Amino acid sequence: MKERRISLNEKLIVYLVFFGLAGIVLIEVFAYHYSAKALLNRTFDQLTSVRRVKTLLVETYLQERILNAQILADALSHGLHIEEDLFLGKIVNSGHYGWLAVRKDAEEDFFVYGLNKKYQFENAEIDKRNYQHWMDSLAHIVSYSSTARFFDSKLSGVGPETGFVVGTKSNNDSPIIVLLGIDPHFINEIMLEISPDDGLGLSGESYLVGPNNTMLTASRLLSVSPGQTINVQTFATGEALHGTQGSGEIYDYRNIKVLSSWGIIDQPDLGWMVIVEMDYSEAISPIHKLQNRLLLLGFIVTLFIFVFAFYFSRRLTKPLIQMNKAAGLIKDGFFDVSLSIKSNDEIGELASSFNEMARQLQEQKLMIQQERKSQIRSMFDGQELERQRLSKELHDGLGQALVGIGMQLEGITGRDLKDAMSQIERTKEFIGQTIEEIRRMSGNLAPNGLLEFGLIPSIRTLCNNVQEQTGKIVLFDARGEYKDQVKQKLIYTYRIVQEAINNAVKHAESKTIVVSVKSQDNQCNISIVDDVPVECNFLGLLKILNWRKTLHRTLLFLLHQ
């Protein structure tokens with residue numbers, strides 16, 4: 001099956017589109033990862049900032065509750081009454097407390113004030129049987145403490161459903177113990193984020209977790225029935241319990257991947273942990289939008305690159321295609337081609353060089369054609385001259401000899417026997433000369449002994465015959481042995497020597513001709529030298545060159561005219 005040819009135009013388009021796409025992909029990958037990293041770091045910084053603000057608000061709120069409890073204890077120890085003092089009334093009616101318990105003497109029970117929703121006092125004791133022992137245990141701890149203490153009523157399992165309690169004592173010799181049941185509603189208001197504009201988006205939330213991994217504030221994302229609790233046992237709570245604050249990608253209490261920032265409230269009695277989180281999917285959503293925009297931009301850029309590659313490759317390969325077609329015409333022998341490419345770059349220079357090459361080839365073709373015509377004319381002229389020479393030799397030599405023989409035979413008639421015999425002898429001698437002339441002419445036309453005796457003996461015989469026929473001195477020197485017996489090569493080599501000697505004899509008017517042959521295996525060097533410098537005969541030299549081309553080998557002829 002023939003392999004499909006891929007054009008240069010297609011390769012350029014593929015290469016340009018490939019490298020363009022590779023660049024776009026690299027840029028998009030780098031932009032995506034860099035932007036994602038920057039966005040996640042920014043989100044962690046934002047969550048950490050929210051956590052610190054929430055921690056500060058909770059700690060400030062707790063310090064305010066300690067201050068209120070201390071003021072109440074000191075005021076009551078100086079004989080002030082809550083019902084009569086306006087300032088103390090504002091404290092307990094602030095809505096932050098669910099109940100107030102006071103004990104003036106260690107031997108007495110606590111006097112409990114229940115606070116209704118309208119923040120008015122009811123001087124009624126609240127089920128002392130259930131809570132008196134629990135309050136005694138808290139008072140015992142407070143009495144031996146130099147500072148206010150916090151207690152989580154939910155952890156005890158017996159305290160009022162108010163969340164947590166702050167307890168303190170007055171600073172005098174007969175301390176009064178004050179316990180304030182703090183309403184967790186305000187802690188929820190501090191921690192709960194409802195509006196997406198508050199910095200935590202749609203899935204972000206902040207909440208408090210107790211040391212038993214129970215969520216203390218309401219969850220924004222998960223609703224539970226009254227009395228139920230949410231267990232928060234995550235990587236963040238484990239780190240915060242060990243006093244470590246930080247941030248990272250974790251799975252929250254819903255087992256959903258989130259970005260989380262965690263820390264702990266500076267209140268050892270409570271052991272509360274502050275956790276601020278946002279769903280990973282929401283945090284990374286801007287990056288997905290950016291990715292989609294990058295993909296759209298990449299598609300548009302790829303389309304542009306393809307159009308540019310198509311146009312650029314066509315423009316770049318068009319002159320090359322023209323050159324290829326022109327080269328095909330030159331291969332088929334049509335040299336009269338010219339490229340109309342005008343540009344000031346390497347392609348323009350290549351086109352100019354190509355046109356110059358085509359012009360030179362056309363000129364050489366015309367020269368070769370003219371040379372061939374000249375060779376053909378010369379060949380025909382040479383053949384014609386050879387026919388004329390042969391005709392002249394036949395007419396002047398063999399023809400005259402035969403006429404003479406005929407006349408001698410006719411002269412025998414009417415003579416006596418002795419004269420007739422003498423005439424017959426002269427006729428026989430003349431016939432012998434005629435036979436030698438025929439042999440000479442036959443040898444000139446086709447040397448019969450060339451294949452039988454070889455090249456060197458045939459050249460020696462040629463030299464001897466020329467010397468006998470013309471009277472010129474023809475010296476022959478042969479060294480080595482020529483072993484090539486190919487008929488065509490032998491004949492052409494012999495004809496070259498014969499034509500050179502004939503030129504020296506007929507046109508040079510030389511007295512001495514020296515023929516030297518040096519042979520070794522299949523190589524032969526021949527030198528023909530005469531003693532008269534004259535112009536070379538063109539037809540004879542052309543014959544020699546034609547025979548030399550036919551030999552397809554290197555023969556060295558030193559022609560000294």
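**View 1. T43 is buried in the predicted model, at 6% relative accessibility.** Buried means under 20% relative accessible area, exposed over 50%, and partly exposed in between (1.4 Å probe, protein chains only). This is a predicted model: local features need pLDDT of at least 70, side-chain atom pairs count only at pLDDT 80 or more, and totals for chains, interfaces and linings use all residues. Residues are numbered from 1 along each chain as its sequence is written, and side-chain values use heavy atoms, with hydrogens and water left out.

**View 2. T43 sits in helix α1 (residues 8-77).** Helices (H or I, at least four residues) and strands (E, at least two) are DSSP runs, numbered from the N terminus. The T43 side chain reaches the backbone oxygen of L39 at 2.8 Å. Neighbours within four places in sequence aside, T43 is in contact (heavy atoms within 4.5 Å) with L259, M278 and A283.

**View 3. Four strands form an open antiparallel sheet, in the order β7-β10-β9-β8.** Strands β7 (205-209) and β8 (246-251) are at the edges; each has a single partner strand, so one side of each lacks a neighbour in the sheet. Twist averages 30° from one strand to the next. Two strands pair if DSSP finds at least two bridges between them.

**View 4. β8 pairs with β9 (residues 257-264) in the antiparallel sense, over 6 bridges.** E249 stands opposite L259 in β9.

**View 5. Helix α7 (residues 280-331) lies across β8, β9 and β10 (273-279).** Helix α7 runs at about 45° to β10. Axes are lines fitted to C-alpha atoms, for helices over the stretch in contact, and angles run from 0 to 180 degrees between N-to-C directions.

Notes. A polar contact is a pair of N or O atoms within 3.5 Å; within protein, one must be able to donate a hydrogen and the other to accept it, and residues adjacent in sequence count only if both atoms are side-chain atoms.
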